[in-house]
Amino acid sequence: MEDRLSSTDHSWFKYFPNAIKAVLTCQSQNIMKTAQDIAYVICYFKPDMTSYQQMLVLCWVKTKNMFFYETASIISFVLWLLNYSWWLARFSIEKCNIALNTIDKKPNWIESEVDGPKRCEVKCEVLYDPGLESTFMDVVFIHGLRGDKLKTWKQGVWKQVDQKPEPVVVRNSGLSTMNKFERLAIGNEIKEFTNCWPRDWLPLDCPYVRVITISYSTDPYLWRPIWLSKPVRTTMKDRGLEMISLLRNLHVGQHPITWVGHSKGGLFIKQILVHANENQETHKIITNTRGILFYSVPHNGSPLANIKLPLFQRSIELQELVNDTQVIQKLQKTFHEMMNVNRQIQVKSFIETKLTLMKLIYLRIVSIQSADPGFGDLYGVPLDHRNICKPKNRNCFLYQELVNMIQSLKQSTVEETV
């Protein structure tokens, strides 16, 4: 039998102390999960080990970020095990799972951002209220998977690669401010950063709108190892009913409504409107809907959700996004039929045209074809999936199109009532 250890690069031994220290002292669930996810990818695809080690160490050297340092230490340990025995590496990863489940119960454990709210599946919150007499319109924001009001709707800090990164007009009804705000952002300076632009910017430009956000929890494992118990999760249809109930508690439907959704949040908007259209008690929600803005919404599913891995099972949130499944096709068909009847609804859609970095590889989260709902204005934007909903400033095209939509809808609504 070949001695695998004798042919191993012994420089890996120098990572042992740091690896053990990182595992024992790690107080961030994000670090542990990142290390674990990277290890799974390496075990499955079995790429060149040296390139991964160099990349992780370079990230740490460049940023001086302890996140990369501890992740590099843990992964380096797993990489050395892979050179010796694949089964030892897998055993080590399984022990990481045990450590995650054990340490997660300790009071000093820092909760991961990706876990989302654990006590509440769906939450509705008013970010700005001008008062009952001053409110003309409700603007409702819904984030995508693993998002929240601060992570999804924070101000963008992305860099402009091109001198003039102009959005590409795919389909335009003529109501856009494209000529006036042709660049994604005018000026690179960010004087005052906001971690929630709907809350801080809309009251300045549209003081007559009530700003509402809907948040929901997401399975922390979109691909869950089969040896971990799978929690009970509600479907998109059931959560849509929960969202309607919360919106009714805030009396949404008494004023005109504009919806804003990023990624799967856009599918929830469609689900809410379909539910509202089918129920007489909530029908005011659909009749008072005036506009919808989609930030890279997978109307026909996401190629990311099609990925199947051995020893993993996809979460229900991911299964609902598989390309052209019966659930997503039925929702799209019903929504199309509803939109043909309710022609007062103005729709704008933004499409991401850049790949998104997921751990170690660049992927297409939402395809151009899937991001097209089939009607309304359509714009291709040179940003990735995470940044397409993060305008850089108040002059940014991504934000100005929403302001323009709200202002034009207000004007048309006033003209209708005169």
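His251 lies in the loop that runs between helix 7 (236-249) and strand 6, where helices (H or I, at least four residues) and strands (E, at least two) are DSSP runs numbered from the N terminus. The model is a predicted one, in which local features need pLDDT of at least 70, side-chain atom pairs count only at pLDDT 80 or more, and totals for chains, interfaces and linings use all residues. Residues are numbered from 1 along each chain as its sequence is written, and side-chain values use heavy atoms, with hydrogens and water left out. Although His251 is not a glycine, its phi is positive, at about 60°, and with a relative accessibility of 49% the residue counts as partly exposed; here buried means under 20% relative accessible area, exposed over 50%, and partly exposed in between (1.4 Å probe, protein chains only). A positive phi, near 65°, is also found at Arg146, a residue other than glycine. Arg146 is placed in the loop between strand 2 and strand 3 (168-171) and is partly exposed, its relative accessible area being 28%.

The chain contains 12 helices and 12 strands, and of its 418 residues 50% count as buried. With contact taken to mean heavy atoms within 4.5 Å, 83% of the contacts between residues at least 6 apart in sequence join residues at least 24 apart.

The largest nonpolar core comprises 39 residues, of which Ile142, Ile214, Leu247, Trp259, Leu273 and Ile292 touch the most other members; such a core is a set of buried Ala, Val, Leu, Ile, Met, Phe, Trp, Tyr and Cys residues joined through side-chain atoms within 4.5 Å. Helix 8 (residues 264-278) gives the most to this core, contributing 7 residues. A second, separate core is made up of 32 residues, among them Leu127, Val209, Leu293 and Ile388. When neighbours within four places in sequence are left aside, Leu247 is in contact with Cys124, Val140, Ile212, Ile214, Val252, Trp259 and Ile272. Leu273, which belongs to helix 8, counts as buried at 0% relative accessibility. With neighbours within four places in sequence again left aside, the contacts of Leu273 are Trp259, Ile285, Ile286, Thr289, Ile292, Phe335 and Met338. The C-alpha atoms of Leu273 and Ile286, which are 13 residues apart along the chain, are separated by 5.8 Å.

Two packed helices are described by the angle between their axes and the distance between the axes. For helix 8 and helix 11 (residues 326-341), the axes come within 10 Å and cross at roughly 60°, the axes being lines fitted to C-alpha atoms, for helices over the stretch in contact, with angles running from 0 to 180 degrees between N-to-C directions. Helix 8 is therefore oblique to helix 11, given that angles under 35 degrees count as roughly parallel, over 145 as roughly antiparallel, 65 to 115 as roughly perpendicular and the rest as oblique. The crossing of helix 8 past helix 11 is left-handed, a term used if the near helix is turned anticlockwise from the far one by less than a right angle, with right-handed used if clockwise. On the helix 8 side the contact is made by Leu267, Lys270, Gln271, Leu273, Val274 and Asn277, and on the helix 11 side by Ile328, Leu331, Gln332, Thr334, Phe335 and Met338. By class, this contact has 7 nonpolar, 4 polar and 1 charged residues, where Ala, Val, Leu, Ile, Met, Phe, Trp, Tyr, Cys and Pro count as nonpolar, Asp, Glu, Lys and Arg as charged, and the others, Gly among them, as polar.

The axes of helix 6 (residues 197-205) and helix 12 (residues 397-417) come within 11 Å and cross at roughly 50°, so the two helices are oblique to each other, and helix 6 passes helix 12 in a right-handed crossing. Trp197, Trp201, Leu202 and Asp205 of helix 6 meet Tyr399, Leu402, Val403, Ile406 and Gln407 of helix 12, a contact that by class has 7 nonpolar, 1 polar and 1 charged residues. The buried residues of helix 6 are Trp197, Pro198, Trp201, Leu202 and Pro203, and they pack against strand 1 (122-128), strand 2 (137-142), strand 4 (209-216), strand 7 (289-295) and helix 12.
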